[in-house]
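Look at the model below.

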2 protein chains.
Amino acid sequence: MGGGSYEVTEARRAVIVIMDGVGDRPIKELGWRTPLQVARKPNLDLIADLGITGLYDPIAPGVRPGTDTGHLAIFGYDPIKYYPGRGPLEAVGTGLELRPGDVALRANLATVKEVGNELVVIDRRAGRIRGKDAEELVKYLASSIREVDGVEVLIAHGTEHRVSIVLRGEGISPKITDTDPGTAKEGRPVAEAKPLDSSDEARRTASIVNRIVRMSYELLKNHPVNRERIRRGLLPANIVITRGAGSVPKDLRPFKEYHGVSAYLVCEEDTVLGIGKILGIEGEVPPGATGNLDTNIESILKSALKALDKGYEVVFIHVKGPDIAGHDRNWWGKVEIIEKIDWLVGELLKSIDLSSDLIALVADHSTPCYARDHTGDPVPIAIAGLGVRRDEVRYYDEVSCARGALGRIRGVDFLNTILDLMGRRKKWGA
Amino acid sequence: MGGGSYEVTEARRAVIVIMDGVGDRPIKELGWRTPLQVARKPNLDLIADLGITGLYDPIAPGVRPGTDTGHLAIFGYDPIKYYPGRGPLEAVGTGLELRPGDVALRANLATVKEVGNELVVIDRRAGRIRGKDAEELVKYLASSIREVDGVEVLIAHGTEHRVSIVLRGEGISPKITDTDPGTAKEGRPVAEAKPLDSSDEARRTASIVNRIVRMSYELLKNHPVNRERIRRGLLPANIVITRGAGSVPKDLRPFKEYHGVSAYLVCEEDTVLGIGKILGIEGEVPPGATGNLDTNIESILKSALKALDKGYEVVFIHVKGPDIAGHDRNWWGKVEIIEKIDWLVGELLKSIDLSSDLIALVADHSTPCYARDHTGDPVPIAIAGLGVRRDEVRYYDEVSCARGALGRIRGVDFLNTILDLMGRRKKWGA
């Protein structure tokens, strides 16, 4: 491929447009049609017309994906095998770099009171502490707790009361319970982390986490920031309590190594960017990309074209708006952002060559306006370009694409199909 | 079934025509159609018209099957669970009989030189040794090395420098590394086989293989054949080096026992015949079956009809030509062999009765002419006969069949569907 005297016979590169939550259900106010069936979208339809279409379940039919699990699947990582849980995803969001094998926990700055031998949680969020107070306390913890029982400890501040804790070293496991006694349970004591299985790793990790929680109390209870908060009538943030332990699977290989192609991710939010980071996909949230209906779609286009110019073989473009409109029960807003995406796709089609490239439309899940949340409805997909079998479907929507020649596929099938069209799948067997 | 007063209510037998590599992608020179869309094939289309159609992924969407893994799936054995690897398949090709639990390795007659304590590989193929020299040396090895550490050793000559080694006994494992230092590495010492996991079985097997390699050197280095070769200025074949250890899974049950029906395999190449052998499916390569476009299709028909006459319940007919044409970028050749297969199917339809029998069309993978190799594109399937739901699809090709009532199925689904129509699947649950 690419050799001077050889003809191009398999696709060289692929642009994959991910419309977050674009799938929908019939809406009475739209004449029992979906936003995709109502929107004017000649370019999305052109891809359906020129190419192959189908339905896609990022996880499985009727299973509601999160943005995180849905994107893992689109990126070709089986979410059942590779979903690291919230702890690692939030840790990456705070800027911590995660490595395979790391265990990460979400944590809160909280307020406790000594009652007998116990630490009782008065406020799980220390009065929603924020700004400099929170930053200073977390910084103090991070510099004071660097290692416990031979395991490296990284602590970083998220937003408001939110904290991420990462454990790095041999012999640890995410299979432990929370020390946070839970949302509806203020007035209950800090729980003890317990192993969730009988492994040495889980027992050891639970003990490390219990020590970190206890150390945080010792370090914070008389900290000047807290003394000043009490003086001002605010709740002191005198402990961190943990939940959502997860780990980056040890056998997770970076995207380029795992799939054999380079990839770039233009996206509209930190969650998606964070998943990309864990997978070793370079990316950015372009300037002006708000993740909402008012997003600067030209800016998204510009970033995507730049990535293509730089020679990335797969460029993922994530647009968040359809999901927001779904959560907001805003069907006309959803129609509007679909039409914006249609413009984006029209511009992309001017910059790629379907006789050697691929363009694909996909979504991480449906967010029907009536459901106001993610659902397990499949999403329509379409792929056009070199090598693609052309079916008779002419429109990109939930019902038209169901008759397409891709049939109904799931999980890693979508990216595998793209990579196969790019000649990047090794034969299994002989 | 067959009882005098009972009507035939489920299909009695099935003829399954496997068109190796028949799936394709749009070809500019065919007006962006595939060979299946261009070929004149009234009989294949009749099966689609009378029956049910769909798409089939022998492994999974976008995953490129080999002829071996693809056929395992068609034969109803999950390739992920049952693929034995190359070692066993080549061993069967040399005529060795394999049993569940056997570990088989590919090996080469090679040339080594003693350098200090090491045996350095001068030529991995002993100058592509062949004929009597190779036969005699391998025969000598086979009769000299019959047992190592309580494990039975079978050694057989393949073609040229190729040798198969089979280990049979308790407590062995295929999880070992190669002693062959690899293709691009002449001038490197013979490697030591090492266990790939921490099991006793792998450790023991590695040690057995190392002993066989060392024994082969001691047996061959002064063998008269080699002394004569050196005298004639040829490289001596003074060692065997091994690679590709694999095993026939212990729980592999023969086709008839596993599926409850008798089967016969008419096929065009040793690889497919070898897979059949491992699965306990009787079969043959008919006289005149070349595996190419010039194959004697009448001879293939005759063998299939004979198998039906003998009362086999499932008859698999494998035609290799479409795959060869795909590898050769020969789209008109692919059209031609499809039309030959259409004739074959027309003749078969005269000999079976669709009111009590089944006929099915399938392929082990796609071999698109542009890709010149197997790809992960699904293949069209069609089944006609008693009990089959009739859909509206009238043509047997990659796009038409996508609208069929079978949907898109994978792996063992295809054979299970056939066996279910034959009333040979037990209820799971009650």
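Q: What makes up domain 1 and domain 2 of chain A in this predicted model?
A: Domain 1 takes residues 13-83 + 252-421, and domain 2 takes 88-247. Their centres, taken over C-alpha atoms, are separated by 37 Å. Eight residues from domain 1 of chain A and six residues from domain 2 of chain A make the contact. Contact here means C-beta atoms, placed from the backbone, within 7 Å.

Q: Which helix gives the largest share of the side of domain 1 of chain A that touches domain 2 of chain A?
A: Helix H10 of chain A, residues 270-278, supplies six residues. By class, that side of domain 1 of chain A has three nonpolar, two polar and three charged residues.

Q: How do you know that chain B is in contact with chain A?
A: The test is a C-beta separation within 7 Å. By that test, 28 residues of chain B are in contact with 24 residues of chain A. On the chain B side, strand S3 (64-65), helix H3 (67-74) and strand S15 (407-410) each supply at least two residues. H3(B) gives the most, with three residues. The classes on that side of chain B are 12 nonpolar, eight polar and eight charged.

Q: Why is strand S15 of chain A said to pair with S3(B)?
A: Pairing requires at least two bridges found by DSSP. Strand S15 (residues 427-428) of chain A and S3(B) have two bridges, so they pair, in the parallel sense. Lys427(A) has Arg64(B) as its bridge partner in S3(B).

Q: Why are strand S11 and S15 of chain B called edge strands?
A: An open sheet of eight strands runs in the order S11-S10-S12-S1-S13-S14-S2-S15 in chain B, with mixed pairing. Strand S11 (282-284) and S15 of chain B each pair on one side only, and they are the edge strands. From one strand to the next, the twist averages 20 degrees.

Q: What makes strand S2 of chain B a partner of S15(B)?
A: The threshold is at least two bridges. Four bridges join S2 (residues 52-57) of chain B to S15(B), so the two strands pair. They run parallel. Leu55(B) stands opposite Arg408(B) in S15(B).

Q: Which strands does helix H11 of chain B touch as it packs on the sheet?
A: Helix H11 (residues 297-309) of chain B touches strand S10 (263-266), S11 and strand S12 (314-319) of chain B. The direction of H11 makes about 170 degrees with that of S12(B).

Methods. Residues are numbered from 1 along each chain as its sequence is written. Chains are lettered from A and ligands numbered from 1 in the order in which they are written. This is a predicted model: local features need pLDDT of at least 70, side-chain atom pairs count only at pLDDT 80 or more; totals for chains, interfaces and linings use all residues. Domain bounds come from an automatic or database domain assignment. Two residues are in contact if their C-beta atoms, placed from the backbone, lie within 7 Å. Ala, Val, Leu, Ile, Met, Phe, Trp, Tyr, Cys and Pro count as nonpolar, Asp, Glu, Lys and Arg as charged, and the others, Gly among them, as polar. Axes are lines fitted to C-alpha atoms, for helices over the stretch in contact, and angles run from 0 to 180 degrees between N-to-C directions.
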